Amino acid sequence: MPSDNAAAVSAFIEGAPPGELAEVIADIQKLTVNEPKLLGSVTPAFQKYNEDQLSTVKLSGSGQNVLISPYNALGDGKYYDVGTQKSFTFDHQIQKASDVQPYTHDSEYSDLIPSLLKSFSTHATEHYPSATYTVCPTPSNNTIALLLVSNKYSPANFWNGRYRSTYLFAPASSTLSGTIHVDVHYYEDGNVRLTTTKNVPEMKLEAGSAAEVVRRIAGVERAYQEELNRGFGRLSEGEFKGLRRQLPVTRQKVEWEKIGGYRLGQDIGGGRTR
């Protein structure tokens, strides 16, 4: 059924690994050569992928990347960026921007947002050299979103990775909450993918200043990095170690191509005879 195919294609798109959407699209086109209009029918999947993954795009006339998210969406495929004060149209399938225009977004937090953006920029530059970030009011205008994504792609070495974080700050209640996602894909002679999510529970801030908001964010991310390091250590010494072939008691490798010539008691036992 066409609807089943559309659902399957949407799942492939939404689950595309970091930096590999174009490859996924190319594979889908090969698999659906008899349905050339299928990709055009799953635009919502492309939009969901780009907004969920905080996809980045470079605007014409600017050397700076900007973010795509549900928080800075204007509708009808249009988005805006606070830092560059531009609006633009975004093609979700080819991930290109067009119709770049000057734009200022009115908000009751117009004084607070620039301070948050400045502090958040310092944090991002210090800890995530390749990061793209923004600060903008949410559509409800009750909270301010602080968004950051850092991509590192190394297809020549068969791996790609993405770190992204979303924080919501409510000035009225001086509370902060958020979510951190890490997604790494390694595909040399296999296919291994790590995806992990950290939910940051709501926390009460003392003053609710821009400096305090970013300081608390930095503390959360530092603690999560340490948690990930411990987790990788446990994997290396636990689950991964259990998957490895154990050496015999002699601590020497068995030459499997010569297994037929071994004298079990003497050769594998280290040369001991009874």
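Let's start at a turn: Asp 76 has a positive phi near 55 degrees in the hairpin of S3 and S4, where two residues sit between the strands. Keep in mind that this is a predicted model, so local features need pLDDT of at least 70, side-chain atom pairs count only at pLDDT 80 or more, and totals for chains, interfaces and linings use all residues. Residues are numbered from 1 along each chain as its sequence is written, and side-chain values use heavy atoms, with hydrogens and water left out. Helices (H or I, at least four residues) and strands (E, at least two) are DSSP runs numbered from the N terminus.

- Strand S3 (residues 73-75) and strand S4 (residues 78-81) pair in the antiparallel sense over two bridges; two strands count as paired if DSSP finds at least two bridges between them.
- Across that pairing, Gly 75 faces Lys 78 in S4.
- S4 also pairs with strand S5 (residues 86-91), again in the antiparallel sense, over four bridges.
- Here Tyr 80 stands opposite Ser 87 in S5.
- The hairpin of S4 and S5 has four residues between the strands, and Gln 85 takes a positive phi near 55 degrees in it.

**The five-stranded sheet**

- In general, strands of a sheet pair through backbone hydrogen bonds, either parallel or antiparallel.
- In this model, five strands make an open sheet in the order S7-S8-S9-S10-S11, with antiparallel pairing.
- Its edge strands are S7 (131-137) and S11, each of which pairs on one side only.
- Neighbouring strands of this sheet are turned by 10 degrees against each other on average, direction ignored; axes are lines fitted to C-alpha atoms, for helices over the stretch in contact, and angles run from 0 to 180 degrees between N-to-C directions.
- S9 and S10 run antiparallel and are joined by 12 bridges, and Tyr 167 has Gly 178 in S10 as its bridge partner.
- Helix H4 lies across S7, S8 and S9, running at about 160 degrees to S7.

**Two residues to look up**

- Which is Ser 154, buried or exposed? Ser 154, found in strand S8, is buried because its relative accessible area is 12%, and buried means under 20%, exposed over 50%, partly exposed in between (1.4 Å probe, protein chains only).
- Not counting residues up to four places away in sequence, Ser 154 touches Trp 159 and Asn 160; contact means heavy atoms within 4.5 Å.
- Asn 199 lies in strand S11 (residues 192-204) and counts as exposed because its relative accessibility is 57%.
- Leaving aside neighbours within four places in sequence, Asn 199 is in contact with Gly 178 and Thr 179.
- Asn 199 and Thr 179 are 20 residues apart along the chain, yet their C-alpha atoms are separated by 4.6 Å.

**The largest pocket**

- The largest pocket has a volume of about 720 Å³.
- A pocket is an open set of points on a 1 Å grid over the protein atoms alone, with protein on both sides within 12 Å along at least five of seven lines, and lining residues have an atom within 4 Å of a point.
- How many residues line the largest pocket? There are 28, of which Val 182, Val 184, Gln 225, Leu 228 and Phe 232 lie nearest its centre.
- Among the elements giving two or more residues to this lining are H4 (112-127), S8 (144-154), S10 (175-186) and helix H5 (210-237).
- H5 gives the most to the lining of the largest pocket, with eight residues.

Technical notes: On a 1 Å grid over the protein atoms alone, a cavity is a set of points where a 1.4 Å probe fits but cannot get out, and a pocket is an open set with protein on both sides within 12 Å along at least five of seven lines; lining residues have an atom within 4 Å of a point. Grid points are joined across faces, edges and corners, and a volume is the space filled by probe spheres set on the points.
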